[in-house]
Amino acid sequence: SIITGGASGVGKGTVRYTVASNPNTTALTGSITIGEENFTVEEAATPCEFSLGETTASFSSTGGTSNVTVTANGANCAWKAVVSGSFIKITSDPSGTGNGTVAYTVEANTKTASRKGTITVGKEKLTITESGAP
């Protein structure tokens, strides 16, 4: 907080202050002391956001293993990877805090039709496509 007006005076008055934007993913707390009174100023955190190292991955019908990196905008940002598609299995810890990696396996596809599934972290999705069997 920065006092922008009324920093000193006698009797009644108004103290004006500004609070800079908070780029952190943790809330900030400060205080202003006027006379013998303390006033607490609290500022909300910037919401956690995530990005994935890739948004698409393709596999042949034999399947395989891979991983995707998770980048968070704050070291204290907790995330959880959620799978859509029964043929995709997460083989690492599906959750983390801050930056991390999600390892996964794609099972072999014995049907002739290709299939799609996703791994979602926050609002970000990795779309996984697997070819059908020949």
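1. The protein exposes about 8,500 Å², and carbon and sulfur atoms supply 50% of it. Accessible areas come from the Shrake-Rupley method with a 1.4 Å probe, and for residues only the protein chains shown count as cover.

2. This is a predicted model, in which local features need pLDDT of at least 70 and side-chain atom pairs count only at pLDDT 80 or more, while totals for chains, interfaces and linings use all residues. Residues are numbered from 1 along each chain as its sequence is written, and side-chain values use heavy atoms, with hydrogens and water left out.

3. The protein has 13 strands and zero helices (DSSP runs numbered from the N terminus: strands are E, at least two residues; helices are H or I, at least four). Its radius of gyration, 25 Å, is well over the 14 Å that the globule rule gives for 134 residues, so the protein is more spread out than a compact globule. The radius is taken over C-alpha atoms, and the rule is 2.2 Å times the number of residues to the power 0.38. Along the principal axes, the C-alpha atoms fill a box of roughly 85 × 20 × 20 Å.

4. Of the 134 residues, 28% count as buried (under 20% relative accessible area, 1.4 Å probe, protein chains only).

5. Thr 120 lies in strand E12 (residues 115–121) and is buried, with a relative accessible area of 17%. Beyond its neighbours within four places in sequence, Thr 120 is in contact (heavy atoms within 4.5 Å) with Lys 80, Ala 81, Val 82 and Lys 125. On the same terms, the contacts of Val 121 are Phe 50, Leu 52, Val 70, Trp 79, Lys 80 and Ala 81.

Note on methods. Buried means under 20% relative accessible area, exposed over 50%, partly exposed in between (1.4 Å probe, protein chains only).
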